[in-house]
Amino acid sequence: MGRAYQNRKDSMAKTAAAKTKVYSKYGREIYVCAKSGGPDPDSNLTLRGLIDRAKKDQVPAHVIEKAIEKAQGGAGEDFSAARYEGFGPGNCMAIVDCLTDNPNRTFGDVRLAFTKTKCKIGTQGSVSHMFDHCAIFGFRGDDEEAALEALMMADVDVTDIEQEDGMITVFAPHTEYAKARQALQEAFEGLEFEVDEIQFLPQTTTTIEGDDIELFEKFMDMLNDLDDVQNVYHNAVIADGQEQ
């Protein structure tokens with residue numbers, strides 16, 4: 001699993017409008033996390049990790065604080081998670097994670113992105129069984145055994161761990177995210193994660209070529225332009241070898 005992993009970073013921060021999308025995405029996710037698990041990052045470890053990721057992506061402090069204050073107040077939108085799956089251009093597999101206050105609207109918007117690019121939205125579980133839902137941590141270091149020992153002592157169910165080119169990468173089930181993160185931070189003083197996220201990693205890849213490349217780019221653009229879409233995961237590899 002480890003060597004097939006590519007840290008797919010969002011490339012949305014190229015324009016002011018794109019930055020606003022990133023801020024909105026984090027604001028919504030922080031609000032939901034704080035409302036469901038509590039607004040204190042010291043007790044809500046998932047929230048702490050989310051705030052750290054937001055800061056790393058240069059989300060302003062006032063955006064983070066506003067989302068937490070909103071959750072503390074108990075008012076505001078009632079967002080719920082929605083996940084859609086299907087087959088994209090070139091028969092690649094795609095998973096679309098959303099946070100929405102109007103599931104009917106969101107489903108319609110996501111379905112339109114599929115149909116406008118000659119794709120087919122599927123039922124729940126239609127492609128997700130071909131992905132591994134993982135918590136992933138990457139940090140500088142060369143003591144793989146110490147990292148593994150710390151995780152085992154914390155009773156973390158480690159899926160995989162590798163050390164390559166001065167980087168240790170840890171994979172665990174997504175449900176172990178908070179526990180694994182805390183165990184690593186306690187084991188290595190001053191630890192800074194270069195990778196700290198939850199992803200769906202594809203077990204296989206699908207090569208996209210010819211006219212499907214343009215359709216795939218349109219498909220991704222349409223999904224990323226939707227306010228309710230938080231993350232899009234896929235198994236597509238463009239024919240020239242560059243993953244999108």
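This briefing describes the strands, salt bridges, surface charge and backbone angles of the structure shown above. The model is predicted, and the values below are computed from it. An open sheet of 4 strands runs in the order S3-S1-S2-S9 with antiparallel pairing, while strands S4 and S7 also pair in the antiparallel sense. The count of salt bridges comes to 10, and a patch of negative charge on the surface includes Glu217.

**Strands and sheet pairing**

- In the open sheet of 4 strands, ordered S3-S1-S2-S9, the edge positions are held by strand S3 (120-121) and strand S9 (229-234), each of which pairs on one side only.
- Strand S2, covering residues 93-100, is joined to S9 by 5 bridges, and the two strands run antiparallel.
- Within this pairing, Ile95 has Tyr233 of S9 as its bridge partner, and Val96 has Val232, also in S9, as its bridge partner.
- Although S9 is an edge strand that pairs on one side only, S9 is mostly covered, with 5 of its 6 residues buried.
- Strand S4 (residues 131-140) pairs with S7 over 8 bridges in the antiparallel sense, and in this pairing the bridge partner of Cys134 is Gln199 of S7.
- Strand S7 (residues 195-202) has 7 of its 8 residues buried, so this strand is largely enclosed by the rest of the structure.

- Side chains of opposite charge can pair when their charged atoms come close, and by the rule applied here the model has 10 salt bridges.
- One of these joins Asp228 to Arg28, with the closest N and O atoms 2.8 Å apart. Because Asp228 lies in the loop between H7 and S9 while Arg28 lies in helix H1 (residues 16-37), the pair ties together parts that are 200 residues apart in sequence.
- Both partners of that pair are covered: Asp228 counts as buried because its relative accessibility is 5%, and Arg28 is likewise buried, with a relative accessible area of 14%.
- Asp196 forms a salt bridge with Arg53, where the closest N and O atoms are 4.0 Å apart. This pair links distant parts of the chain, with Asp196 in strand S7 and Arg53 in helix H2, 143 residues apart.
- Asp196 has a relative accessibility of 6% and therefore counts as buried, and Arg53, at 17% relative accessibility, is also counted as buried.
- The side chains of Arg140 and Glu194 meet in a salt bridge at 3.0 Å from N to O. Arg140 belongs to strand S4 and Glu194 to the loop between helix H6 (177-187) and S7, so that the pair links distant parts of the chain, 54 residues apart.
- For this pair, Arg140 counts as exposed at 51% relative accessibility, whereas Glu194 counts as partly exposed at 38%.
- Salt bridges that share partners join Arg28, Asp101, Arg105 and Asp228 into one network.

**Negative charge on the surface**

- Asp211, Glu214, Glu217, Asp221, Asp225 and Asp227 gather in a patch of negative charge on the surface.
- Glu217, one of the residues of this patch, is placed in helix H7 (residues 211-224).

**Positive phi angles in loops**

- Most residues other than glycine have a negative phi, which gives the setting for the next two residues.
- Gln58 has a phi near 65°, a positive value in a residue other than glycine, and lies in the loop between helix H2 (45-56) and helix H3 (61-73).
- The relative accessible area of Gln58 is 63%, so this residue is exposed.
- Asp155 has a phi near 60°, again a positive value in a residue other than glycine, and lies in the loop between helix H5 (144-153) and strand S5 (160-164).
- Asp155 is likewise exposed, with a relative accessible area of 59%.

Notes
Residues numbered from 1 in each chain as written. Predicted model: local features only at pLDDT ≥ 70, side-chain atom pairs only at ≥ 80, totals over all residues. Heavy atoms only, no water. Patch = residues over 30% accessible without salt bridge, like charges linked within 9 Å, V, L, I, M, F, W, Y side chains within 5 Å. Areas by Shrake-Rupley, 256 points an atom, 1.4 Å probe, with all protein chains shown as cover. Lys, Arg positive; Asp, Glu negative; His and termini not counted. Charge placed at Lys NZ, Arg CZ, Asp CG, Glu CD. Buried < 20%, exposed > 50% of the residue type's maximum accessible area, 1.4 Å probe, protein only. Pairing = 2+ DSSP bridges.
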